[in-house]
Each structure stands twice: as C-alpha cells, then as structure tokens.
Amino acid sequence: MNVTLRKNSRQPISTSYSHERCFNEDTLRDIIKEELAAAVKSSFKDLLTDQLKNIQGEISAFKVSFGFFNEQFEEFKKRFEEKDAIINQLRSDNTKLQQNVIDLTTRLCIVEQNMRESNVEINGLPEDKSENLVETLKNIAKVTNCDIGDSDIMQITRVAKQNKENNRPRSVVAKLRSPRQRDNLLAAVGNFNKKHPSDKLNSHHLGIGLGGSRVPVYVSEHLCPTGKHLHAATRKLAKEMSYDFVWLRNGRIFVRKDIHSKPIHIRNHDSLKLMKATDVTN
C-alpha cells in the first residue's frame, strides 16, 4: 500500500511577535521601575529634606534656648559669686565684732571689778526686819578674829535678788575702807573655816536664826555680774570634772585639779575649755 506524504502546507508561527511582546513588557517593567524609583527617590528626598529642615530648625531653637540658659547661668553664677563674697565679708566682720564685744565686755568687767575692789559680799545671812547689818559685819569680824570698827565700814546694804522666786535671803554687800581691809576680812574667814572644817562660819556663830539653826554664811569678793556668771559656770564645771579647788583673787577666778596641778586662770567662758583639756591630759 503506497502512502503518499504531503508536504505540510502550514508555515511555522513566527516568534517575532513573542519577542516583541516580551521586549515591550520588560521595557515597560523597567520603565515602571525607573519611574517608581525616581518617584520614591524624589519623595524620599523631599521627605528627608523636610525632616532635615525640621531638625535644623529644632537645633537652631535649641541653640537659642541653650544660649539663653547659658546667659542665665552665667548671670546667676556672677550673682552667686557676688553674694558669696558679701557673705564671707559679713562673716569676717561678724567675727571681728564678736571679738570686739568680748574685748569690750572684758574691759567693762575690769572697770566694774575695780570699783568693787574694797567690797565684800555676804551670802546666806538670814534676814530680819530689825537687823543691824553694821553690827552683823562687826560680829563676823569678831568671830573670825579680824579687826574691823565702825569707821572701817563705809557702806553696807542688802541687794535685790536677780531671781525673785528664789527663797534664799538677799545678799549683803559691804564697802570697807580699803582693799587691804577687805583682804584681811576674807583671809580671816578663810582661816576660821580651815580651823573649823566641821563647823564653818554660820548663823549660830553670829547669834542669828531661830532654834539654834546653823545656816552657812559665805563671805567672798563682790564680783561684777559678768564675773558672777563666769564664777558660777566655773564652779559647776569644776564639780562635774572633780576639781578640788576654785578660788577668787582680786576679782580673778582660778581653778586647780588637785594639789599637784598648776592653777588655771579662768578669764572668760572660752577659758573653761582649758579645764577639759587639762583633764584629758591628766
């Protein structure tokens, strides 16, 4: 059986269209990409530019604010330094004034004490409406074996209490003829008390008081108010620190820890620190 093969009359399909189509799609895709990239780049650039402008504006504002605060700080610093200098000057002036007050107070105390150089102060003496203070002082001199007459007593009186609520009798201040007369009386009272340690000078020796009561009577130098306060503070501290001796000499206050220690002159309240320093050393 003979089979006759015919030529295929159908022509192969051309690929030019396909290539053209692919070219067009690829080109279009590339174009779109480029356009999108350009658009994104342009938008990003604009956005970045705007952001940079905002940042630059904020930085400029911050610089202005920082400059303002820096000026305020420098102004405050300057004022602070001026005020600090004023405070330091005031402190220095205050220290000088305090020292001047101490010096003037000391000088005033010396003047007042010199005016009292012939005075004695008697404490603990019972009060009586009919009392004769001149006779009482003469009696004290007689008991302690000291020669004092009417002409030696220039003036004698009781003085008002500083604390009216205090029940103790008012002090008696007597002005004698001379400082030597005063010293003689003080020495006589001191010797009497040493000789009679268990029966020191009291109201019974002077015939004063009811029922034979024995009220201690103290005779001492007449201190000025500043000296009295200092003497009281000294005696209090001496008691706290077990000092054996506290005494007066011509308005000056002295203390001694014991018989082996050196005397300490208490000039003012700052001198009380010497008692503590001596106690620590010992």
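K138 is partly exposed, with a relative accessible area of 23%, where buried denotes under 20%, exposed over 50% and partly exposed the range in between (1.4 Å probe, protein chains only). The model is a predicted one, in which local features require pLDDT of at least 70 and side-chain atom pairs count only at pLDDT 80 or more, whereas totals for chains, interfaces and linings use all residues. Residues are numbered from 1 along each chain as its sequence is written, and side-chain values use heavy atoms, with hydrogens and water left out.

K138 forms a salt bridge with D150, the closest N and O atoms being 2.9 Å apart; a salt bridge is taken as a side-chain nitrogen of Lys or Arg within 4 Å of a carboxyl oxygen of Asp or Glu. This pair links distant parts of the chain, twelve residues apart: K138 lies in helix 2 (133–143), and D150 lies in the loop between helix 2 and strand 2 (153–158). Helices (H or I, at least four residues) and strands (E, at least two) are DSSP runs, numbered from the N terminus. D150 is partly exposed, at 47% relative accessibility. Together with E135, the residues K138 and D150 are linked in a network of salt bridges. The loop that carries D150, between helix 2 and strand 2, also holds N145. N145 is not a glycine, yet its phi is positive, at about 65 degrees. The residue is exposed, with a relative accessible area of 70%. A positive phi of near 60 degrees is also found for S242, again a residue other than glycine. S242 is placed in the loop between helix 4 (225–240) and strand 5 (245–249). In general, most residues other than glycine have a negative phi.

In the whole structure, ten salt bridges are found. Among them is that between the side chains of D183 and R182, with an N to O distance of 2.8 Å. In this pair R182 is buried, with a relative accessible area of 3%, whereas D183 is partly exposed at 33%. A further salt bridge joins R214 and D199, at 3.2 Å from N to O. The pair links distant parts of the chain, 15 residues apart, with R214 and D199 each placed in the loop between helix 3 (179–195) and strand 4 (218–221). R214 has a relative accessibility of 47% and counts as partly exposed; D199, at 26%, is also classed as partly exposed.

The search for aromatic pairs returned four in the whole structure; rings of Phe, Tyr and Trp (its six-membered ring) pair if their centres lie within 6.5 Å, and planes under 30 degrees apart count as stacked, over 60 as edge-to-face and the rest as tilted. The rings of F62 and F66 are stacked, because their centres are 6.1 Å apart and their planes lie at 25 degrees. These residues are four positions apart in helix 1 (residues 16–115), and therefore separated by about one helical turn. F62 is exposed, with a relative accessible area of 56%, and F66 is exposed as well, at 53%. The rings of W247 and F254 are likewise stacked, with centres 5.7 Å apart and planes at 15 degrees. W247 is partly exposed, with a relative accessible area of 24%, whereas F254 counts as buried at 13%. R249 lies over the face of F254, at 5.8 Å from the ring centre; the criterion is that NZ of Lys or CZ of Arg is within 6 Å of the ring centre and within 35 degrees of the ring normal.

I59 is found in helix 1 and, at 40% relative accessibility, is partly exposed. V40, F44, L48, L52, I55 and I59 make a nonpolar surface patch of about 550 Å². Patches are made of residues with over 30% relative accessible area and no salt bridge, with like charges joined within 9 Å and nonpolar side chains (Val, Leu, Ile, Met, Phe, Trp, Tyr) within 5 Å.

Zero disulfides are found in the whole structure, a disulfide being a pair of cysteine sulfur atoms within 2.5 Å. C109 is buried at 18% relative accessible area, and C224 is buried at 0%. The protein chain has 282 residues, of which 23% are buried. Its secondary structure comprises five helices and seven strands, arranged from the N terminus on as α-β-α-β-β-α-β-α-β-β-β-α.

Technical notes
Areas by Shrake-Rupley, 256 points an atom, 1.4 Å probe, with all protein chains shown as cover.
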